[in-house]
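Subject: A structure for you to look at

Hi,

Here is the structure I promised to pass on. Open it up, keep the sequence beside it, and then read on for what turned up.

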Amino acid sequence: EKEMRVLREELNFLKSMVSSKESMPGLNIRDFVLRELSKSGRYAFKLVLLQVENDDQAHVIKGSVKIRVQGRLKGKSKTLAWDGGAAPRVSELQFKFQFFQRLEGELLFPEGFEPENILVKAEPSGKSQSPFQKIYSWSSVYQESRSHVGKK
């Protein structure tokens with residue numbers, strides 16, 4: 001059953017790549033999802049970057065992804081920069097691809113933090129592509145109960 005589920009997920013992913021013609025030309029953020037790792041505020045994320053070119057002349061693109069999470073901590077608005085989870089010195093993800101690339105990492109929230117929105121920004125290092133950013137509501141990327149977010 002697990003193997004079938006993995007194959008179905010892979011098939012759905014590939015189908016979404018085939019239907020990418022509805023995306024705007026250039027660098028795009030195709031997908032962003034979160035999955036809880038523990039009750040202590042740790043979440044795994046998966047991100048899919050996509051390059052769409054009208055003339056089928058896609059070239060290798062490289063750059064970095066930055067993630068910011070806006071929410072509330074002790075009743076006050078707070079924005080957290082993604083710090084690489086287990087590797088706090090890492091402040092961004094690096095990418096290099098021609099057509100698409102999957103990136104993964106972890107988010108760690110402080111105790112009591114209640115996430116509301118996530119800003120994902122892909123910044124190419126060259127001048128031939130423009131940066132692309134997308135804002136997600138927490139509920140659109142994570143469907144589970146938020147009652148234990150950031151609590152031990």
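First, a definition: two strands pair if DSSP finds at least two bridges between them. Helices (H or I, at least four residues) and strands (E, at least two) are themselves DSSP runs, numbered from the N terminus. With that in hand, β2 and β6 are joined by nine bridges and run antiparallel. One spot to look for is A44, which stands opposite E106 in β6.

Before going further, a word on where this comes from. This is a predicted model, in which local features need pLDDT of at least 70, side-chain atom pairs count only at pLDDT 80 or more, and totals for chains, interfaces and linings use all residues. Residues are numbered from 1 along each chain as its sequence is written, and side-chain values use heavy atoms, with hydrogens and water left out.

**The overall layout**

The protein chain has two helices and eight strands. Starting at the N terminus, the order of elements is α-β-β-β-β-β-β-β-β-α. The chain has 152 residues, and 37% of them count as buried (buried means under 20% relative accessible area, exposed over 50%, partly exposed in between, with a 1.4 Å probe and protein chains only). Take contacts between residues at least 6 apart in sequence: 67% of these join residues at least 24 apart (contact means heavy atoms within 4.5 Å). The chain exposes about 9600 Å², with carbon and sulfur atoms supplying 51% of that (accessible areas come from the Shrake-Rupley method with a 1.4 Å probe; for residues, only the protein chains shown count as cover).

**The strands**

Strands of a sheet pair through backbone hydrogen bonds, either parallel or antiparallel. Here, β1, β2 and β6 make an open sheet of three strands in the order β1-β2-β6, with antiparallel pairing. β1 and β6 are at the edges with a single partner strand each, so one side of each has no neighbour in the sheet. From one strand to the next the twist averages 20° (axes are lines fitted to C-alpha atoms, for helices over the stretch in contact, and angles run from 0 to 180 degrees between N-to-C directions).

Now follow β3 (residues 61–73). Strand β3 is joined to β7 (residues 113–124) by 11 bridges, and the two run antiparallel; S64, for instance, stands opposite E123 in β7. β3 also pairs with β4 (residues 76–81), again in the antiparallel sense, over six bridges, and G71 has K78 in β4 as its bridge partner. β3 and β4 form a hairpin with two residues between them, and K74 in the turn has a positive phi of about 55°. β7 in turn pairs with β8 (residues 132–137) over six bridges in the antiparallel sense, with A122 opposite F132 in β8.

**One residue up close**

Is V33 buried or partly exposed? V33 is partly exposed, because its relative accessible area is 35%. Leaving aside residues up to four places away in sequence, V33 touches A44, F45, K46 and V141. V33 and L47 are 14 residues apart in sequence, while their C-alpha atoms are 6.8 Å apart in space.

**The core**

In soluble globular proteins, nonpolar side chains tend to be buried together. The largest nonpolar core here has 29 residues, among which F32, L34 and V65 touch the most other members (a nonpolar core is a set of buried Ala, Val, Leu, Ile, Met, Phe, Trp, Tyr and Cys residues joined through side-chain atoms within 4.5 Å). β3 gives the most to this core, with five residues.

**The rings**

Rings of Phe, Tyr and Trp (its six-membered ring) pair if their centres lie within 6.5 Å; planes under 30 degrees apart count as stacked, over 60 as edge-to-face and the rest as tilted. By this rule there are nine aromatic pairs. Y43 and W138 form an edge-to-face pair, 5.3 Å centre to centre with 90° between the planes. Y43 lies in strand β2 and W138 in helix α2, so this pair ties together parts 95 residues apart in sequence. The rings of F109 and W138 have centres 5.7 Å apart and planes at 65°, so this pair is edge-to-face. W138 is buried, with a relative accessible area of 1%, and F109 counts as buried at 5%. Ring pairs link Y43, F109, F113, W138 and Y142 into a cluster.
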